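Here is a short briefing to read alongside the model.

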Amino acid sequence: MQQPHDVSSDADNTKNCDCGSGLHDNGGQCLPEVNLSHFVLSLGMTAMFHLGEMPDPQTGSVVVDLGLAKHTIDTLAMLKEKTEGNRTPAESKQLENLLFELRMLYVNKSH
């Protein structure tokens, strides 16, 4: 059985990294820094995908799944509530704006 990778033992995964600014090498794959802003944007893109605003990257098809879209929007709302008082002003604005846009799209798609 494979042991889980302990990321705390990684000294600095930006060493010898050709990924560029703000990106980290993850075994040859460049990934953005792990922070609240990137996490919120990732969830936002997931919601947009479920709202049919972007095609499936593998098939190119557009599928609307309002149940999964609502679940993702609700997850962002929960994250907003649970991080209240711990976000920077920029993070708060980003989260509030994203939630507003996603909720408006959801209302438009569900009617």
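Asn35 counts as partly exposed, because its relative accessibility is 27%, a value that falls between the 20% limit for buried and the 50% limit for exposed. This residue sits in the loop that leads from S2 to H1. Please keep in mind that the model is predicted.

**Asn35 and the start of H1**
- Asn35 caps the N-terminal end of H1, with a side-chain oxygen 3.2 Å from the backbone nitrogen of Ser37.
- The side chain of Asn35 also places a polar atom 2.8 Å from the backbone nitrogen of His38.

**Overall layout**
- The protein chain holds three helices and two strands, and along the sequence they follow the pattern β-β-α-α-α.
- Of the 111 residues in the protein chain, 21% are buried.

**The hairpin**
- Strand S1 (residues 23–26) and strand S2 (residues 29–32) run antiparallel and are joined by four bridges.
- Within this pair, Asp25 stands opposite Cys30 of S2.
- Two residues separate S1 from S2 in the hairpin, and Gly27 in the turn has a positive phi of about 65°.

**Helix H1**
- H1 is 15 residues long and reaches 21 Å from its first C-alpha to its last, close to the 21 Å expected at 1.5 Å a residue.
- Its buried residues are Val40, Leu43, Gly44, Ala47 and His50. Viewed down the axis of H1, these buried residues fall within an arc of 120°, so they line one face of the helix.
- The cover over the buried residues of H1 includes H2 and H3.
- After H1 comes Gly52, which has a positive phi near 80°.

**Helix H3**
- On the buried side, H3 contributes Glu91, Ser92, Gln94, Leu95, Leu98, Leu99 and Leu102. Looking down the axis of H3, the buried residues lie within an arc of 160°, so they line one face of the helix.
- Turned away from that buried side is a face of H3 with the exposed residues Pro89, Ala90, Lys93 and Asn108.
- H1 and H2 are among the elements that cover the buried residues of H3.

**The nonpolar core**
- Which residues make up the largest nonpolar core? There are 12 of them: Val40, Leu43, Ala47, Leu51, Ala69, Ile73, Leu76, Leu79, Leu95, Leu98, Leu99 and Leu102.
- Helix H1 (36–50), helix H2 (66–82) and helix H3 (89–110) are the elements that each give two or more residues to this core.
- In soluble globular proteins, nonpolar side chains tend to be buried together.
- Leaving aside residues up to four places away in sequence, Leu98 touches Val40, Gly44 and Leu76. Of these, Val40 and Leu76 are listed in the core along with Leu98, while Gly44 is one of the buried residues of H1.

Notes
Residues are numbered from 1 along each chain as its sequence is written. This is a predicted model: local features need pLDDT of at least 70, side-chain atom pairs count only at pLDDT 80 or more; totals for chains, interfaces and linings use all residues. Side-chain values use heavy atoms; hydrogens and water are left out. A nonpolar core is a set of buried Ala, Val, Leu, Ile, Met, Phe, Trp, Tyr and Cys residues joined through side-chain atoms within 4.5 Å. Buried means under 20% relative accessible area, exposed over 50%, partly exposed in between (1.4 Å probe, protein chains only). Contact means heavy atoms within 4.5 Å. Two strands pair if DSSP finds at least two bridges between them. A polar contact is a pair of N or O atoms within 3.5 Å; within protein, one must be able to donate a hydrogen and the other to accept it, and residues adjacent in sequence count only if both atoms are side-chain atoms. The arc is that of the directions from the helix axis to the C-beta atoms. The expected span of a helix is 1.5 Å times one less than its number of residues.
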